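The sequence and the structure are shown first.

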Amino acid sequence: MNQKSFIPPHRTLMGPGPSDVSERVLKAMARPTIGHLDPIFIQMMDEIKKLLQYAFQTNNELTFAVSAPGMAGMECCFANLVEPDDKVIIAKNGFFGERMKENVERFGGIPIVIDDDWGNKVDLNKIEEALKEHPDTKIIASVHAETSTGALTDPQSITKLAHDYGCLSIVDTVTGLAGVPLMVDDWNIDAIYSGTQKCLSASPGLSPISFSEAAKEKIKNRKSKVKSWFLDLNLIMSYWEGEGGRSYHHTAPINALYGLHEALLILKEEGLENSWKRHKDNHLLLKQGLEKLNIGFLVNEEDRLPQLNAIYIPEGVNDLETRQKLLNDFNLEIGAGLGVLAGKVWRIGLMGQSSNKINIEHCLSSLSKAI
Ligand SMILES: *Cc1c(COP(=O)(O)O)cnc(C)c1O
């Protein structure tokens, strides 16, 4: 055996996630590991909670990071809020809506999928029709920022509709958080989950979530136990919220949480509104450059996410070869198309630390050489 330490290359990450992680966050993660019940660590967890409340713009007590990636945040919402035979309307306009459906089914609920074409935004009228047809619906789930297409959906009006019909609202903002405006309390969202590796630019593997009082009530009054032990919020609440000492639930990913703490601090220093504006401005800069290369966008201008740009692969250009060339010759990662968009689009992420002018110039010049 002649194995050596693994030294990864320096890539520029402009795909659908992970995004570039700053030196500051990497350094924070390299600090000494301490015990997860150490009072100093618990103090840091409390700070993370406050910083997450800022990022989500919420006062929800039940706000913390699930010790697993964004998909676990999704699963946590559905595992806790869906009871057997609950009807759940899913506003699906891309890849992640399909996964929501899977989750509802696995937790014994009845999914009612409202389909919109990939790349379009969600049609509220169709959701309202479904609500009229199924007045016993319990939950409406939607994806704020569909990473598979780059389409922005308006969780505020979906949540309002949900409440008008006595439903709770679950929102996926894995790619949305810190990249586009989001006000969890003002918009009255009941359950929301995100990820660390998109616009927060921390390392992958954690999922910030937040639950309203109404959502907490539903969880506390469940007739059946949550079917996942690890994600059962009744158990986790005492761990994250537990006043006067935390009891053991699982060993927290200590160093990953140092990284999240630092990334959230960077966001706080920049300011949420400034972060939203930076993502928007840099998107416009990329768009200008792409127009010069005659490359068009999948999504209508008014529904576009600044942090995820799905662009048509120019005619006659080989998808895989070009992406390989970008990676090997320019150390640049961009994303392939998913599902029905495979081979048709590329996805250029401008998320978090990756959303900067140097990256955009690097991307445009590399693309122009590679195609
Ligand atoms: C990335 C992503 C997820 C999953 O997050 P992971 O950290 O990869 O598990 C879920 N929903 C959306 C919209 C995403 O973009």
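## Ligand site

An oxygen atom of the ligand lies 2.8 Å from a polar backbone atom of Met 71, a polar contact being a pair of N or O atoms within 3.5 Å; within protein, one must be able to donate a hydrogen and the other to accept it, and residues adjacent in sequence count only if both atoms are side-chain atoms. Side chains also take part: a polar side-chain atom of Thr 175 is 3.1 Å from a ligand oxygen, and an N or O atom in the side chain of Lys 198 is 2.7 Å from a ligand oxygen.

The residues around the ligand, each with a heavy atom within 4 Å of it, include Pro 69, Gly 70, Phe 96, Val 143, Asp 172 and Gln 197.

## Basis of the model

The model is predicted, with local features requiring pLDDT of at least 70 and side-chain atom pairs counted only at pLDDT 80 or more, whereas totals for chains, interfaces and linings use all residues. Residues are numbered from 1 along each chain as its sequence is written, and side-chain values use heavy atoms, with hydrogens and water left out.

## Domains and their interface

The domain assignment, which is automatic or taken from a database, gives domain 1 (12-18 + 272-370) and domain 2 (23-267). Their C-alpha centres are 26 Å apart. In contact terms (heavy atoms within 4.5 Å), 25 residues of domain 1 meet 30 residues of domain 2.

About 2200 Å² is buried between the two domains, with carbon and sulfur atoms giving 66%; buried area is the accessible area (1.4 Å probe) that two parts lose on being put together, summed over both. On the side of domain 1, Leu 272, Trp 276 and Leu 305 lose the most area to domain 2, together 29% of what that side buries. Ten residue pairs are in polar contact between the domains, both residues being at pLDDT 80 or more.

## Salt bridges

A salt bridge is a side-chain nitrogen of Lys or Arg within 4 Å of a carboxyl oxygen of Asp or Glu. The whole structure has 21 salt bridges, and one salt bridge is counted between domain 1 and domain 2. Lys 121 and Asp 303 form a salt bridge through their side chains (3.5 Å, N to O).

Another salt bridge joins the side chains of Lys 218 and Asp 86 (2.7 Å, N to O). Lys 218 belongs to helix H7 (residues 213-220), whereas Asp 86 sits in the loop between helix H3 (70-81) and strand E3 (87-92), so that the pair links parts of the chain 132 residues apart; helices (H or I, at least four residues) and strands (E, at least two) are DSSP runs, numbered from the N terminus.
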